[in-house]
Amino acid sequence: MIGFPSSVALDPGTANTLLYVKGRGVAVSEPSLVTIRTSTREIVTVGEEAEAGLGRTPQKFQTARPIRGGTISDLDLFDGMLHRFLRKAHISGLLRRLKAAIAIPSSMTEVERLALVESIRKAGSTDVLLVEQVLAAARGAGLAIEESRGRMVVNIGAGVTDVAIISLGNTVCARSTRVAGDEMDSAIASHVRAVHQLLIGEPTAQRLKIMIGSATPHHAELSLRVKGRCAEKGVPREAVIRGHEVREALSAPLARIVHTIREVLEQAPPELSADLVDTGIVLTGGSALLRNLDRLITLDCGLPVKAAPDPMSCVILGLAYQLDHLCLADWRRFSAAS
Ligand SMILES: Nc1ncnc2c1ncn2[C@@H]1O[C@H](COP(=O)(O)OP(=O)(O)OP(=O)(O)O)[C@@H](O)[C@H]1O
Ligand SMILES: [Mg+2]
């Protein structure tokens, strides 16, 4: 176990949870998944181990996601998963002197925030600092967010898309939608079922998105052979899915994301709008890796768009930066408040 007091940063995402330990770097980067025993709800495995069994667990076990749409959907499972991740990072919760900076989506309600803080405190933390994930993402993408110049960041994860215009280290206007990577996967699964009468699971739909998906027509038309269950006969079957089909399936969720970006642009004060002509839009979060997503947004909004390097790590890197530069007064002391 490491020396105390210790500081950690946590990005509890719908798909992936990342944990940074001050002085040691990113110690955990694993899927936000748990496998539980169905009868007792006891956690059997978490993270990568739980992912390996996704869609294949025997009936007495179940794979579950403690986080949905960017917020905790099952507190007990989240507590259990966090406890195991802290243990993996060799952090003992028993000493109860942990300082924790946590990324949260801007849409998180006060009730959800309190539940999260309570859970982090149970895991052994006295001081908790909640940071809007879009601000952390901007910092992690290397943007000089303390400047007065307006910048737009769009963080597209698995469960939530956060859009914000940032100036002087704060969000000036922001919107969030629960349309992100997961919705793209369900749209692909629905399309494959409707057109090919084939039932595929979430991991297969995600594979189609990553391997042949594109937001606008791609110069090389890709295709992928996938396996699933025939919707009519119930037997295992294969089908070849083409890139343009995946693109068609993605068009509705992508239109929602673009609409949210437009809503934020429409709210921007004119001076900040003018800045965006030069600073453009930076995409962060794993879904920023979707092919041609930058092109689609440029076509719609007319602004330069680029994905941050290593978009999946932007939030944790931004939190880590903040953690390394925090002074005591910055910590929001929930222990004192309650
Ligand atoms: N190459 C890729 N193309 C398209 N999507 C991708 C690619 N790689 C990863 N993704 C998607 O990125 C998402 C995961 O990103 P990320 O880890 O940023 O989400 P998260 O932080 O767990 O979720 P959230 O912030 O919404 O709670 C998944 O939906 C995954 O399918
Ligand atoms: Mg995220």
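## Ground rules

A polar contact here is a pair of N or O atoms within 3.5 Å; within protein, one atom must be able to donate a hydrogen and the other to accept it, and residues adjacent in sequence count only if both atoms are side-chain atoms. You're looking at a predicted model, where local features need pLDDT of at least 70, side-chain atom pairs count only at pLDDT 80 or more, and totals for chains, interfaces and linings use all residues. Residues are numbered from 1 along each chain as its sequence is written, chains are lettered from A and ligands numbered from 1 in the order in which they are written, and side-chain values use heavy atoms, with hydrogens and water left out.

## Around ligand 1

Let's start with the ligand. Serine 287 brings a backbone N or O atom to 3.3 Å from an oxygen atom of ligand 1. Glycine 159 also takes part through its backbone, with a polar atom 2.8 Å from a ligand oxygen. Lysine 209 uses its side chain instead: an N or O atom there is 2.7 Å from an oxygen of ligand 1. On its own, ligand 1 has 660 Å² of accessible area, and the protein covers 92% of that (areas come from the Shrake-Rupley method with a 1.4 Å probe; for residues, only the protein chains shown count as cover).

In total, 20 residues surround the ligand, and the closest are Thr14, Ala15, Asn16, Gln206 and Lys209. To be counted, a residue needs a heavy atom within 4 Å of the molecule.

## Three domains

The chain is split into domain 1 (7-135 + 315-337), domain 2 (142-179 + 251-312) and domain 3 (181-249). Those bounds come from an automatic or database domain assignment. Between the C-alpha centres of domain 1 and domain 3 there are 31 Å.

## The two sides of helix 8

Helix 8 covers residues 270-279, and its buried residues are Leu272, Asp275, Leu276 and Thr279. Helices are DSSP runs (H or I, at least four residues) and strands likewise (E, at least two), numbered from the N terminus. Buried means under 20% relative accessible area, exposed over 50%, and partly exposed in between (1.4 Å probe, protein chains only). The four sit on the same side of helix 8 because they cover an arc of only 105° around the axis, taken from the directions from the helix axis to the C-beta atoms.

What lies over that buried side? The cover includes strand 11 (151-156), strand 12 (161-167), strand 13 (170-177), helix 7 (243-267) and strand 17 (281-284), with contact meaning heavy atoms within 4.5 Å. On the face turned away, you'll find the exposed residues Pro270, Val277 and Asp278. After helix 8 comes glycine 280, with a positive phi near 70°.

## A few residues to look up

Alanine 103 is in strand 9 (residues 98-104) and counts as buried, at 4% relative accessibility. Leaving out residues up to four places away in sequence, alanine 103 touches Leu10, Asp11, Pro12, Val131, Gln133, Val315 and Leu319. Serine 313 is in the loop between strand 18 (305-307) and helix 10 (314-324). Its side chain makes a polar contact of 2.9 Å with the side chain of aspartate 310.

Asparagine 292, between strand 17 and helix 9 (293-301), is buried at 13%.
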